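Please look over the structure below. This briefing takes up a pocket, helix packing, a salt bridge and some backbone geometry.

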Amino acid sequence: MRQRTTVAALAALLALTGLAVPGSPVAATAASTVVHTLTPAPGDLVNAGPIDVVAHLDAPAGIDHVELLVDGEPVTPLVEHDGTAGRATAPVAVPEGGHEVVVRLHDGDGAVTERRWGFTATDVPTTRLAGADRIGTALAISGASHPDDHQAPAVALARSDDFADALAGAPLAAHAGGPILLTRSDRLAPAVADELRRLLPDDGVVHLLGGVAALADDVAKDVRALGFDVIRHAGKDRFETAVAIAEALHPVDEVFVVSGQTFPDALAASAPAVRDLTPILLTRHDALPDVVGDWLAATTPARAAIVGGTGAVGPEVAAAIAEGADLVTRVAGP
């Protein structure tokens, strides 16, 4: 259960942030000619072996011919089109590792439009967990990580349109034994209500992450109407909410301190935070919020790890953290 919970808590964070790796910009001599809707998608992870490389084509001047290269080697694609729109498909076998695809579309005016992107193949069996949107993706993750009905004692529920509360709540979700689900801020999404009914026993608990500006009172009322208990972890802003969540994990020996203004460092920190049930505290770049400093002074954790360079968490903040923690380290890249 713990391993499934960890995967669910982390993967739902990816659903929230909507991470994607775009392909390189289209280099087009004809502005309205495009190569789009690519398979595998840019940055995708696929199973090694036979796959289809697919690119959709739009060329108002007409499609003359298409070049396709995989890892620098020409591949002859099957091109189906109605004159101005179509697709190019090429079956290829890819070994484990990174791969690059280049598609060059030659249109009827002699102009060339190129699209270049990469993907990764792995020998480890992979499965995509996805929904129509980030709420649906979180539901798919929940179903995969907790397939048995009424076996999750609790669920963490976060707003779907911002990252901070869900990231800070990742360790709490793991501690509570359930996944993170996402919903709109004003009401409980019907599909999320269905998943709560499936996941939770009659005495199940839903942890709301954030105040009423993040998850309105109507969300809490909707959850209670399902028969579940509600615990809200909230403050006047994201910094105070993260402290409220950390308090629910008390006592602690270590904390992570990350930027509360952008998500990448907090997302990277969430894996060890979930593993060790370590609170994630949020800060401004140039000043440690008073509520965070006060909590550190009262709690005096043995270690505080700052995640991110001085461009994310400034030296003044590091100095302030040192006043409340015995040992402060920084984990950072360029």
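The second largest pocket of this predicted model has a volume of about 180 Å³. Its lining counts 14 residues, and Arg-159, Asp-165, Ala-214, Asp-237 and Arg-238 are the closest to its centre. Two helices, α3 (164-176) and α6 (238-248), each give at least two residues to that lining.

**Pocket lining**
- By class, the lining of the second largest pocket holds six charged residues, four polar and four nonpolar.
- Asp-165 and Arg-238 are among the residues closest to the pocket centre, and both also take part in the contact between α3 and α6.

**Packing of α3 against α6**
- Two packed helices are described by the angle between their axes and the distance between the axes.
- For α3 and α6, the angle is about 10 degrees and the axes are 9 Å apart.
- Angles under 35 degrees count as roughly parallel, so α3 is roughly parallel to α6.
- On the α3 side, the contact is made by Ala-164, Asp-165, Ala-168, Gly-169 and Leu-172.
- On the α6 side, Arg-238, Thr-241, Ala-242, Ile-245 and Ala-248 make the contact.
- The contact of α3 with α6 comprises six nonpolar, two polar and two charged residues.

**Packing of α6 against α8**
- Helix α6 also packs with α8 (residues 290-299): their axes come within 8 Å and cross at roughly 25 degrees.
- This pair, too, is therefore roughly parallel.
- From α6, the residues in contact are Phe-239, Glu-240, Val-243, Ala-246 and Glu-247.
- They meet Val-291, Val-292 and Trp-295 of α8.
- The contact of α6 with α8 has six nonpolar residues, two charged and no polar ones.

**Salt bridges**
- The whole structure contains 16 salt bridges.
- Side chains of opposite charge can pair when their charged atoms come close.

**Backbone exceptions**
- Most residues other than glycine have a negative phi, and most peptide bonds are trans.
- Where are the cis peptide bonds? One runs from Thr-39 to Pro-40, with omega near -10 degrees.
- Another cis peptide bond joins His-250 and Pro-251, where omega is about 0 degrees.
- Pro-251 is in the loop between α6 and β15 (254-259).
- Asp-71 is not a glycine, yet its phi is positive, at about 55 degrees.
- Asp-71 is found in the loop between β5 (63-70) and β6 (73-75).

Definitions and conventions: Residues numbered from 1 in each chain as written. Predicted model: local features only at pLDDT ≥ 70, side-chain atom pairs only at ≥ 80, totals over all residues. Heavy atoms only, no water. 1 Å grid on protein atoms, 1.4 Å probe; cavity = no way out; pocket = protein on both sides within 12 Å on 5 of 7 lines; lining within 4 Å. Points joined across faces, edges and corners; volume = space filled by probe spheres on them. Helix = DSSP H or I, 4+ residues; strand = E, 2+ residues; numbered from the N terminus. Nonpolar A, V, L, I, M, F, W, Y, C, P; charged D, E, K, R; others polar. Axes fitted to C-alpha atoms, helices over the stretch in contact; angles between N-to-C directions. Parallel < 35°, antiparallel > 145°, perpendicular 65-115°, else oblique. Contact = heavy atoms within 4.5 Å. Salt bridge = Lys/Arg side-chain N within 4 Å of Asp/Glu carboxyl O.
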